[in-house]
Amino acid sequence: METNLSKMITLRPFRLSDVDDIMSYAGDDQVTRSLRWKTLTTRDEALTFIKDVCIPHPWRRAICIDDRSIGFVTIFPGSGDDRYKADLGYAIAAKYWGQGITTKAVKITVSQVFNDFPILVRLQAFADVENKASQRVLEKAGFQREGVLRKYGYLKGNIKDLVVYSFLSTELAV
């Protein structure tokens, strides 16, 4: 479902001034329960996270409405023999869930990332089998479900089954 908000989103690199905005989602256990990193608890932690993780990252973008960060989307490019593929990750503040915003951000990402990484052939994403909303985001963004990887990912002290999705460069709309 595309909403008026999802039509207004943009992606941009993170800035130090995003510190208060990032706390609205990175400080929320409901959002971070499906992320590998721990919930941020202080403004200083958020500032350090932006400086040490977000800004130097090769492709991490703030998902923005009116230039305010409400979430993020990240590409983890492979290297060496795996340089043709990359992993995708994302999250947005809980108050924006179910509005088509993450799907729109993932679609924008797909359209940009194959240009930014010309060698890239495969973009893949992993979703917890219990996270149906994340699976729907990927499916609506055009990713193909490939299957379940049993006991594949370690998340918050548990080994989880993950659903793997992919989007190939040959699937881009011309």
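Select Asp21 to begin, a residue that sits in helix H2, where helices (H or I, at least four residues) and strands (E, at least two) are DSSP runs numbered from the N terminus. The model is predicted, so local features need pLDDT of at least 70 and side-chain atom pairs count only at pLDDT 80 or more, while totals for chains, interfaces and linings use all residues. Residues are numbered from 1 along each chain as its sequence is written, and side-chain values use heavy atoms, with hydrogens and water left out.

Asp21 counts as buried at 10% relative accessibility, buried meaning under 20% relative accessible area, exposed over 50% and partly exposed in between (1.4 Å probe, protein chains only). Show its surroundings next: leaving out residues up to four places away in sequence, Asp21 touches Arg68 and Ser69, contact being heavy atoms within 4.5 Å. A distance drawn from Asp21 to Leu168, C-alpha to C-alpha, spans 33 Å, and the two are 147 residues apart in sequence.

Now select the whole of helix H2, residues 19–26, in which Val19, Asp21, Ile22, Tyr25 and Ala26 are the buried residues. Looking down the axis of H2, you will find these within an arc of 155°, so they line one face of the helix; the arc is that of the directions from the helix axis to the C-beta atoms. Among the elements covering the buried residues of H2 are H3, helix H4 (43–54), E3 and E4.

Ile22 leads on to the largest nonpolar core, which has 48 residues and in which Ile22, Ile63, Leu88, Leu123 and Phe143 have the most contacts. H5 gives the most to this core, with seven residues. Such a core is a set of buried Ala, Val, Leu, Ile, Met, Phe, Trp, Tyr and Cys residues joined through side-chain atoms within 4.5 Å. Centre the view on Phe143: setting aside neighbours within four places in sequence, Phe143 is in contact with residues including Leu88, Val106, Leu123 and Phe167.

On helix H5, pick out Thr103, which is buried with a relative accessible area of 11%. Beyond residues up to four places away in sequence, Thr103 touches Val137, Lys140 and Ala141.
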